[in-house]
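Please look over the sequence and the model shown here before reading on. The report below is written for a reader who meets this structure for the first time.

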Amino acid sequence: MSYRDNPIKINKELSKPMDLMNVGFVGNIAVAPIPDPATVSSNNAGSTYTSGGKTYYKYTGGGQITFNQSGNGLVKLMLIGGGGAGAGRYYGGGAGAGGMYYDDVIVTAQQYNITIGGSNTNSTALGKTALRGGTGNNNSNNSGVSGGCGGGAGYGRGDKTFDYPTEQQSTSASGGIGFNGGNDTVLITPNEYPHGGGGGGLGAKGVDGTSGIVGNGGIGRSNSQLDNILTITSSGTGGYIGGGGGATANHWNSGTGGQGGSGGGGSSADWNGGGDLDANAPAQSGVVNTGSGGGSAGRGTGAGGGGSGICIIIVG
């Protein structure tokens, strides 16, 4: 049998490892073909944009899109859940941004429904789910709720059993992007009251709260990380999308409250108050259609709500 006919080619240079990419096998190996770009027959997107031979379908509210290609088609999906609401009582953590799904999706010839989450609500599209943002934890009843990006921890607890800093989007059935909320430090002495943690953003975790640092919200995802989508579709704010909410300072260890993360995160009720819990009442909400988290409440003022989510489908 010749070398050419041998089902496993002999490596003539025995001193080198076998080149597995140069090993021939008898028979065919099935390789799934990469689908061609999908084609759209109808849609009710709020806006459409074209750039570089691609079409961008932008949904800021619920809608539908129908594909009509023969067989499977390929699109790219950016989907963000509604941001979480900030903690409802002072000394609380900022809220997390909604989780993000950003990847290729294979679609079939059919109509798909799209839902855009408001504050504390998931978004869904093309069989994928972007989770709602985590709610910031407060200082009294541990009412935080986990989510796509984690909500910030309440002050002085130092125990993740009772706080909700962990993001869930990357471990969900849809996968995707999320970052943890800021944790806090354990209360050591009455003179070292730590501040709460900021909510997680889509670009970084929330800032941890300490006795000297109030947790700002994590920054959002940048335009450069998203292949220029934000610029092309006039989305996000300041070149980012999906910032976390800011935590409130405590009045024993006075300080300016936490600011929202770049990309639309809401600042706390005292973000510019020098420790006055009601100086900027109420807290700021996340910017609409960024999925950003809301800021934590003041002493007797309301927390900021989460910004609504968004869906962008890229075809071509």
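**Basis and overall make-up**

This is a predicted model, in which local features need pLDDT of at least 70 and side-chain atom pairs count only at pLDDT 80 or more, while totals for chains, interfaces and linings use all residues. Residues are numbered from 1 along each chain as its sequence is written, and side-chain values use heavy atoms, with hydrogens and water left out.

The protein contains one helix and 12 strands, where helices (H or I, at least four residues) and strands (E, at least two) are DSSP runs numbered from the N terminus. Along the sequence these elements follow the pattern β-β-β-β-β-β-β-β-β-β-α-β-β. Of the 316 residues, 50% count as buried; here buried means under 20% relative accessible area, exposed means over 50%, and partly exposed lies in between, with a 1.4 Å probe and protein chains only.

An open sheet is formed by five strands in the order E2-E3-E12-E5-E6, with antiparallel pairing; two strands pair if DSSP finds at least two bridges between them. Strand E2 (47-51) and E6 stand at the edges, and because each has a single partner strand, one side of each is left without a neighbour in the sheet. Neighbouring strands of this sheet are turned against each other by 20 degrees on average, direction ignored, with axes fitted as lines to C-alpha atoms, for helices over the stretch in contact, and angles running from 0 to 180 degrees between N-to-C directions. Within the sheet, five bridges join E3 to E12, and Tyr57 has Ile313 of E12 as its bridge partner.

Another open sheet has three strands in the order E1-E4-E7, again with antiparallel pairing. Its edge strands are strand E1 (40-43) and E7, each of which pairs on one side only, and the twist from one strand to the next averages 20 degrees. Four bridges join E4 to E7, which run antiparallel, and Gly63 stands opposite Ile114 in E7.

**The nonpolar cores**

In soluble globular proteins, nonpolar side chains tend to be buried together. A nonpolar core is taken as a set of buried Ala, Val, Leu, Ile, Met, Phe, Trp, Tyr and Cys residues joined through side-chain atoms within 4.5 Å. The largest such core has 21 residues, and those with the most contacts inside it are Phe67, Leu126 and Ile313. The elements that give two or more residues to this core are E3, strand E4 (63-67), E5, E6, strand E7 (111-114) and E12. Apart from it lies another core, of 17 residues, among them Tyr56, Met78, Ile80 and Leu202.

**The largest pocket**

Which strands each supply at least two residues of the lining of the largest pocket? They are strand E3 (54-59), strand E5 (73-80) and strand E6 (100-107), and E5 gives the most, with three residues. A pocket, on a 1 Å grid over the protein atoms alone, is an open set of points where a 1.4 Å probe fits, with protein on both sides within 12 Å along at least five of seven lines, and lining residues have an atom within 4 Å of a point. About 170 Å³ of space lies in the largest pocket, the volume being the space filled by probe spheres set on the grid points, which are joined across faces, edges and corners.

Among the lining residues are Pro37, Lys54, Tyr56, Asp104 and Asp227. The lining divides into six nonpolar, one polar and four charged residues; Ala, Val, Leu, Ile, Met, Phe, Trp, Tyr, Cys and Pro count as nonpolar, Asp, Glu, Lys and Arg as charged, and the others, Gly among them, as polar.

**Single residues in loops**

Asp227, one of the residues lining the pocket, lies in the loop between strand E10 (221-222) and helix H1 (229-232). Phi of Asp227 is near 55 degrees, a positive value in a residue other than glycine. Asn289, which is not a glycine either, has a positive phi of about 60 degrees and lies in the loop between strand E11 (240-241) and strand E12 (310-315).

| Residue | Relative accessible area | Class |
|---|---|---|
| Asp227 | 47% | partly exposed |
| Asn289 | 18% | buried |
| Gly99 | 0% | buried |
| Ser234 | 57% | exposed |

Gly99 lies in the loop between E5 and E6, and although Gly99 and Cys149 are 50 residues apart in sequence, they are 5.6 Å apart in space, C-alpha to C-alpha. Ser234 lies in the loop between H1 and E11, and the C-alpha atoms of Ser234 and Lys58, 176 residues apart along the chain, are separated by 9.8 Å.
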